[in-house]
Amino acid sequence: MQSMIDAIHPALPSTQIPPDEQAVTLGEIKHAIRKGGNNKAPGPDGIGTAFYKENWETVKVDLCDVLNQMMLHEATETQQNQGIIVYLPKPNGTQTPEGYRPITLLSTDYKSLARIIARRIRPVMKKLRESRFCGVPGNNIFDAVTTIREATAQAEVTPTPLCVLSLDFREAFDKISHRYLFAILDKYAIGKCVITGIKNLYAKATSSVQINGYISGPTPIQCSIRQGCPMSMQLYVLCLHPLLTLLNEKVARLQIGRNGRRIAAVAYADDVTHFVTSPNDLPTIKDTIHTFEKASGARLNPHKSKALAIAGWDATDTGLGIEFQPYIRILGATFTNTIARSAQLSWERLTGLIRAQARLAYARKLCITQRLQYVQTLCWPEYGT
């Protein structure tokens with residue numbers, strides 16, 4: 001764990017830390033309530049966001065007092081920290097526990113405070129932009145895919161032997177230890193008030209499981225970052241940051257783009273992609289991942305992880321138990337050892353689905369405006385994601 005802590009460089013100098021050592025304000029609460037969806041499932045108390053929106057003038061003072069008690073004074077009731085875990089089927093998932101995704105339903109006051117905390121740590125997240133693309137302001141999934149595409153193109157054109165490792169961590173969010181989370185939070189330049197608020201929400205957390213209409217008793221949650229919590233993505237990025245930092249510092253980095261940017265690993269949520277330019281770096285990568293596993297509780301899943309060989313890389317053994325594949329899918333895009341083939345495979349399925357849907361309108365006499373409206377309404381929303 002100490003190796004992970006030492007890898008964290010303060011995201012903000014102490015002189016630039018925002019003045020967040022203060023109570024929660026009505027403005028922050030109103031913004032957090034406005035961000036909550038009206039049709040979201042409520043937590044154990046059954047009170048949704050719409051209730052607070054409709055009765056804002058009546059409840060705002062009491063709600064402000066409640067959130068400040070939770071934020072500053074560790075006065076969090078058991079029911080406020082309790083979640084109900086429901087399981088949603090994954091797309092094309094099997095009828096097994098692995099084929100379902102757990103989502104935790106949380107109370108609205110819990111989520112409101114979590115949104116406030118998430119907003120307060122955004123200045124820190126902005127400093128993690130180099131290789132983190134999820135939960136970081138200014139970065140998005142398209143930037144992550146573009147970086148991977150540029151890396152594979154650079155290797156193909158140069159040519160530079162390259163191994164692309166797509167790393168999959170088993171139950172990534174659920175395996176993170178709270179002990180590890182609290183240890184690394186103290187190293188970031190976030191502010192004691194915000195860290196205290198996060199600890200208050202997680203230290204006494206419990207969850208019940210709902211299956212087939214039945215709800216179990218509460219179980220203490222000593223690990224996992226709750227999926228369903230507004231700050232979960234940012235907390236996971238902070239937990240993963242030490243691993244990416246060590247990978248970028250310990251192994252040779254690939255130079256991509258005209259600006260000569262060098263990078264060894266990128267991540268979007270729990271999807272980590274590593275660019276290996278030398279076989280000699282594989283033992284270092286293995287040791288670094290093992291250190292991260294011991295510190296955080298995460299577990300690499302070699303069977304779901306994949307490797308891609310580009311520009312003559314020896315596709316025999318990665319030393320990680322990860323098998324080489326003729327193509328790999330990362331963040332919805334397909335990558336092979338050539339850019340042309342990658343683009344073809346990435347768009348082939350999507351364009352095929354859109355063409356199939358568009359054929360239904362071939363016999364109709366539509367002007368160009370009506371055709372555009374048809375595509376935007378019926379074709380793109382269904383398959384564009």
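Predicted model: local features only at pLDDT ≥ 70, side-chain atom pairs only at ≥ 80, totals over all residues.
One of the pairs joins F169 and F292, whose ring centres are 5.8 Å apart; because their planes stand at 75 degrees, the pair is edge-to-face. This pair links distant parts of the chain, since F169 sits in the loop between β3 (162-168) and α8 (172-175) while F292 belongs to helix α12 (residues 282-296), and the two are 123 residues apart. Both F169 and F292 are buried.

F292 has a second ring partner in Y180, with centres 6.3 Å apart and planes at 85 degrees, so that this pair too is edge-to-face. Y180 lies in helix α9 (residues 178-185) and F292 in helix α12, so the pair ties together parts of the chain that are 112 residues apart in sequence. Y180 is buried, as is F292. Through these ring pairs, F169, Y180 and F292 are linked into a cluster.

| Ring pair | Distance between centres | Angle between planes | Arrangement |
|---|---|---|---|
| F169 and F292 | 5.8 Å | 75 degrees | edge-to-face |
| Y180 and F292 | 6.3 Å | 85 degrees | edge-to-face |

Helix α9, which holds Y180, is also the place of H178. With a relative accessible area of 5%, H178 is buried. Leaving aside its neighbours within four places in sequence, H178 is in contact with Y202, I221, Q222, C223 and S224.

The next topic is a sheet. Strands of a sheet pair through backbone hydrogen bonds, and they may do so in either a parallel or an antiparallel way. Here four strands form an open sheet in the order β9-β10-β3-β11, and the pairing is antiparallel. Which strands stand at the edges of this sheet? They are β9 (265-268) and β11 (306-310), each of which has a single partner strand, so one side of each is left without a neighbour in the sheet. From one strand to the next, the twist averages 15 degrees.

Strand β3 pairs with β11 in the antiparallel sense over five bridges, and it pairs with strand β10 (residues 271-276), again in the antiparallel sense, over six bridges. Individual residues can be followed across these pairings: L165 has A307 in β11 as its bridge partner, V164 stands opposite L308 in β11, and S166 stands opposite T273 in β10. Strand β3 is mostly covered, with six of its seven residues buried.

In the loop between β3 and α8 lies E171, which has a positive phi of about 45 degrees although it is not a glycine. E171 is partly exposed, with a relative accessible area of 47%.

A positive phi is also found at N212, where the value is near 55 degrees in a residue other than glycine. N212 lies in the loop between β4 (206-211) and β5 (214-215). Is N212 buried or exposed? Its relative accessible area is 73%, and N212 is therefore exposed.

Another loop residue is E74, found between α4 (56-72) and β1 (82-89). E74 is exposed, with a relative accessible area of 54%. Not counting residues up to four places away in sequence, E74 touches Q69, N200 and K204. E74 and Y236 are 162 residues apart in sequence, and their C-alpha atoms are 23 Å apart in space.

Finally, the chain can be described as a whole. Its secondary structure comes to 14 helices and 13 strands. The radius of gyration is 23 Å, close to the 21 Å that the globule rule gives for 385 residues, so the chain is as compact as a globular protein of that length. Along the principal axes, the C-alpha atoms fill a box of roughly 65 × 65 × 45 Å. Buried residues make up 45% of the 385 residues, and the chain exposes about 19900 Å², of which carbon and sulfur atoms supply 51%. Among the contacts with a separation of 6 or more, 69% are between residues 24 or more positions apart.

Note on methods. Residues numbered from 1 in each chain as written. Heavy atoms only, no water. Phe/Tyr/Trp six-rings, centres within 6.5 Å; stacked < 30°, edge-to-face > 60°. Buried < 20%, exposed > 50% of the residue type's maximum accessible area, 1.4 Å probe, protein only. Contact = heavy atoms within 4.5 Å. Pairing = 2+ DSSP bridges. Axes fitted to C-alpha atoms, helices over the stretch in contact; angles between N-to-C directions. Rg over C-alpha atoms; globule rule 2.2 N^0.38 Å. Areas by Shrake-Rupley, 256 points an atom, 1.4 Å probe, with all protein chains shown as cover.
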